Amino acid sequence: MPKKVDHEARRLEIAEALWRIASTRGLDGVSLRDVAAEADISLGRLQHYFRTKDEMLVFALRHINTLADRRIRGRVGAIAARLGQEPPPRAVLRECLVGMLPLDGKSRVGALVGAAYFARAVHDERLRGEAVEGIPRLAEFFAGLLRSAGERGELAAGRSLDPYTEAMLLISLVDGLTAYTLLGVQTGEEALERLDAHLERIFAGGGG
């Protein structure tokens with residue numbers, strides 16, 4: 001009997017080959033042939049799964065986002081298990097933001113692939129649409145956490161900034177911290193300290 005091929009697993013293997021390339025030398029000038037060689041398959045076989053480089057990039061970025069989401073959910077779940085109840089909004093917000101920083105090997109690769117992808121998306125309308133569609137949803141999720149914290153009296157006194165605006169500022173802060181960490185301007189530990197310093201300005205007191 002012919003061997004059954006797990007097509008989704010093969011697509012993931014190709015995506016991981018792309019990540020390895022992106023993490024070491026970016027994506028400028030990288031071809032489908034380069035990725036096929038890294039994945040140790042023929043070009044024709046790769047094109048059976050991805051007809052174009054952009055299709056491959058979109059799939060790889062979506063998978064990285066899925067993995068990041070799982071990692072963050074796991075961290076939030078661990079806090080809930082430790083507390084024996086749903087964690088407070090600040091804890092959930094912090095875990096989400098920390099999960100977006102390149103603090104270990106996997107998250108660093110994800111950030112490098114994301115940076116390479118976004119650099120291409122600036123000049124490609126179709127890719128740009130894929131890149132930006134999730135940002136408003138993420139900002140609204142963060143804004144909901146901030147509203148909940150406000151209702152619980154957990155925001156710093158006098159903090160009156162619109163929750164959605166604050167959420168977008170937090171996303172922008174993490175993007176900047178990520179870029180400077182990847183460039184070596186700061187360490188991951190310093191990025192985390194600066195994120196926590198900003199959260200201290202938003203929330204009343206420590207904890208969370």
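A residue counts as buried under 20% relative accessible area, as exposed over 50%, and as partly exposed in between. At 23% relative accessibility, Arg94 is therefore partly exposed. The model is a predicted one.

The count of salt bridges comes to eleven. Three of them are listed here.

| Salt bridge | N to O distance |
|---|---|
| Glu95 with Arg75 | 2.5 Å |
| Arg90 with Glu200 | 2.8 Å |
| Asp196 with Arg94 | 2.7 Å |

Take Glu95 and Arg75, which form a salt bridge. Glu95 sits in helix H5 (residues 89-99) and Arg75 in helix H4 (residues 53-83), so the pair links distant parts of the chain, 20 residues apart. Glu95 is buried, at 9% relative accessible area. Arg75 is partly exposed, at 31%.

Arg90 pairs with Glu200. Arg90 belongs to helix H5 and Glu200 to helix H10 (residues 188-202), so this bridge ties together parts 110 residues apart in sequence. Arg90 is buried at 9%, whereas Glu200 is partly exposed at 39%.

Asp196 meets Arg94 in a salt bridge. Asp196 lies in helix H10 and Arg94 in helix H5, so parts 102 residues apart in sequence are tied together. Asp196 is partly exposed, with a relative accessible area of 23%.

Which residues are linked in a network of salt bridges? They are Arg75, Arg94, Glu95 and Asp196.

Elsewhere, Thr178 lies in helix H9 (residues 163-183). Thr178 is buried, at 12% relative accessibility. Beyond its neighbours up to four places away in sequence, Thr178 touches Met100, Leu101, Pro102 and Ala111.

Notes. Residues numbered from 1 in each chain as written. Predicted model: local features only at pLDDT ≥ 70, side-chain atom pairs only at ≥ 80, totals over all residues. Heavy atoms only, no water. Helix = DSSP H or I, 4+ residues; strand = E, 2+ residues; numbered from the N terminus. Buried < 20%, exposed > 50% of the residue type's maximum accessible area, 1.4 Å probe, protein only. Contact = heavy atoms within 4.5 Å. Salt bridge = Lys/Arg side-chain N within 4 Å of Asp/Glu carboxyl O.
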